Amino acid sequence: MEYNNLKILQTFDIHSLPNLDVVVLGALELFTKEELPALNVQTIFSKPLVVGSANAYAVGRILFRDTFARYAEEGEFEESLKIFTDRDAVVIVSASGGKHAIEIAKKMSKNKTQKEYSLPVWLLTNNENAPAREFVDDNKVVVFPKNREPYTYNTSTYLSMILSQTKESPEEIYYHINNIKKNIPHDLGKYTSFILTVPSEFDEVRSMLRTKFDELFGGNVAGRVFTDEEIKHAKTVVPSDKELIIHFRNNDDGDYLDKEKNISIPLRNDALYGEMLSVGYFVIGKIQESHPAYFKENIVEYTKDASEIFNQTINPIVE
């Protein structure tokens with residue numbers, strides 16, 4: 001495997017921000033070189049409360065889907081602790097270990113001191129210097145590898161967490177993506193709206209794909225994401241010549257939307273969440289490549305505003 005994409009991620013600057021497809025391949029290249037933490041959530045955790053914001057929340061649901069976990073976003077975790085009194089740990093999922101993760105870890109630390117809660121707190125992060133780890137015991141901080149990436153991309157970060165559980169081969173996913181490039185049209189730029197359908201077993205990835213459309217395109221390019229069963233329920237009542245339907249499939253079942261403009265992107269029969277996320281992000285990166293540079297033109301100004309909102313320095317490039 002040549003590590004061309006990884007080299008791009010190691011050297012790009014604010015004037016040469018890569019598209020999402022490059023970041024996906026660079027992440028897979030990284031994971032062929034770096035070992036992922038051997039964290040088996042099924043043997044370590046019994047009934048955790050898993051807390052995360054936005055895509056971290058979705059990743060938490062993917063990581064702990066085979067346990068008796070409960071899930072909460074940052075604004076509801078204390079209420080969840082009161083409701084679900086049989087929890088035996090709190091697990092914070094945060095790529096940066098900053099922003100809301102700090103307050104959550106801090107509150108749990110204070111509560112532990114006050115004996116209101118006596119739950120161990122874990123932090124799953126990609127930041128060795130995560131601010132939230134100040135309030136978490138060192139033996140309960142798990143740091144996953146990551147690449148330099150534009151702010152919000154969070155591809156190598158969350159993908160490393162997912163692959164640590166699914167045990168999928170990054171090499172095999174990488175070669176699969178190279179094999180399916182021919183299935184991706186070159187005229188994606190003529191569409192202003194996209195529907196992505198994913199196999200029902202990957203329902204947790206829907207919000208992650210939708211979030212990428214929000215981050216990369218704002219209101220300029222619409223992205224709707226459904227499972228292959230969900231789309232059958234009145235999602236295409238109003239057709240549009242400007243909308244393309246992209247089916248991600250791991251079987252040979254035909255598409256029922258024959259009259260709509262649609263294409264199929266194959267997944268391997270044994271695909272798990274790591275492959276689904278990688279292929280989905282790669283295709284969105286190709287959509288990004290085919291449209292104006294909305295993200296690149298606005299990310300610097302956005303991170304200035306975000307720094308004020310979160311009262312911490314947020315850079316357009318996450319080192």
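Which residue in β2 is the bridge partner of leucine 49? In this predicted model, the bridge partner is arginine 70.

Step back, and you will find 5 strands in an open sheet with parallel pairing, ordered β2-β1-β3-β4-β5. At its edges sit β2 and β5, each pairing on one side only. From one strand to the next, the twist averages 20°.

Here are the strands with their residue ranges:

| Strand | Residues |
|---|---|
| β2 | 70-72 |
| β3 | 89-93 |
| β4 | 121-125 |
| β5 | 141-143 |

Now look for helix α4 (residues 55-63), which lies across β1, β2, β3 and β4. Helix α4 runs at about 175° to β2.

**The cores**

In soluble globular proteins, nonpolar side chains tend to be buried together. Here, the largest nonpolar core has 81 residues. Among those with the most contacts inside it are Phe64, Leu124 and Phe194. Helix α10 (residues 273-289) gives the most to this core, with 9 residues. There is also a second, separate core of 19 residues, including Ala101, Ile102, Ala130 and Val141.

Phenylalanine 194 is worth a visit of its own. Leaving aside residues up to four places away in sequence, its contacts include Leu188, Phe213, Val221, Ala222 and Ile246. Phenylalanine 194 also touches Arg224, Glu243 and His291, among others.

Conventions: Residues numbered from 1 in each chain as written. Predicted model: local features only at pLDDT ≥ 70, side-chain atom pairs only at ≥ 80, totals over all residues. Heavy atoms only, no water. Core = buried A, V, L, I, M, F, W, Y, C linked by side-chain atoms within 4.5 Å. Buried < 20%, exposed > 50% of the residue type's maximum accessible area, 1.4 Å probe, protein only. Helix = DSSP H or I, 4+ residues; strand = E, 2+ residues; numbered from the N terminus. Contact = heavy atoms within 4.5 Å. Pairing = 2+ DSSP bridges. Axes fitted to C-alpha atoms, helices over the stretch in contact; angles between N-to-C directions.
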